[in-house]
Amino acid sequence: MILLVFLGVVVVFALWAVGIYNGLVTARNAFKNAFAQIDVQLQRRFDLIPNLVETAKGYLSHERGTLEAVTAARTAAQSGLSAAKASPGDPAAMAELAQTQGALNGALGRLMVVVEAYPDLKANQNMMQLTEELTSTENRVAFARQAYNDSVMAYNNKREVFPASVVAGMFNFAPAALLEIPEDKAEVREAPKVEF
């Protein structure tokens, strides 16, 4: 009888541990899937940028530095995405991705400021369509990043709470890093100061 009780306790404990393990795996797969959605949107963004640069080239012949900066930032951002795809959630990979995406955001922002100074370019049908698609893609990236960060938070919460933290430690479930794109300091706007 004692042996049956002991076996029953062992079976319940094993089922409990398996349930926690499966929950951790599910949460980890959820944040990896959410990262895959970021990847899709960033690839779409990367595909739009060469068309944007080509459309602007004819109008911005003396603004080559701006166009080259966008192209270089795009290449660096693609490299950062490749590193992050290799290990989504890895803090170093996510930091590199965030840094390269922030640099690309800054370069695109500077390009848009230059475009504003050229009414003919701004009114160009291709440029209008590309900037609209880029804006739509930026919104999709933001939504995908939010979904990813929510999934990472759920995974990290699951792996850190007791008793799941014991199982997570036994099976090396590492913490996942959020994707936080830094704002370009030049683009951050302060509220105007009113003095009387």
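View 1. W16 is partly exposed, with a relative accessible area of 36%, where partly exposed covers the range between buried (under 20% relative accessible area) and exposed (over 50%), as computed with a 1.4 Å probe on protein chains only. F13, in contrast, is exposed at a relative accessible area of 53%. The two residues are three apart in helix 1 (residues 2-57), so about one helical turn separates F13 from W16; helices here are DSSP runs of H or I with at least four residues, numbered from the N terminus. This is a predicted model, in which local features need pLDDT of at least 70 and side-chain atom pairs count only at pLDDT 80 or more, whereas totals for chains, interfaces and linings use all residues. Residues are numbered from 1 along each chain as its sequence is written, and side-chain values use heavy atoms, with hydrogens and water left out.

**View 2. The aromatic pairs, with F13 and W16 in close-up.** Six aromatic pairs are found when the whole structure is searched. In one of them, the ring centres of F13 and W16 lie 5.2 Å apart with the planes at 35°, so this pair is tilted. Rings of Phe, Tyr and Trp (its six-membered ring) pair if their centres lie within 6.5 Å, and planes under 30 degrees apart count as stacked, over 60 as edge-to-face and the rest as tilted.

**View 3. The cluster of F31, F35, Y148 and Y155.** Ring pairs join F31, F35, Y148 and Y155 into a cluster.

**View 4. Accessibility of Y21 and F173.** Y21 is partly exposed, with a relative accessible area of 30%, whereas F173 is buried, at 3%.
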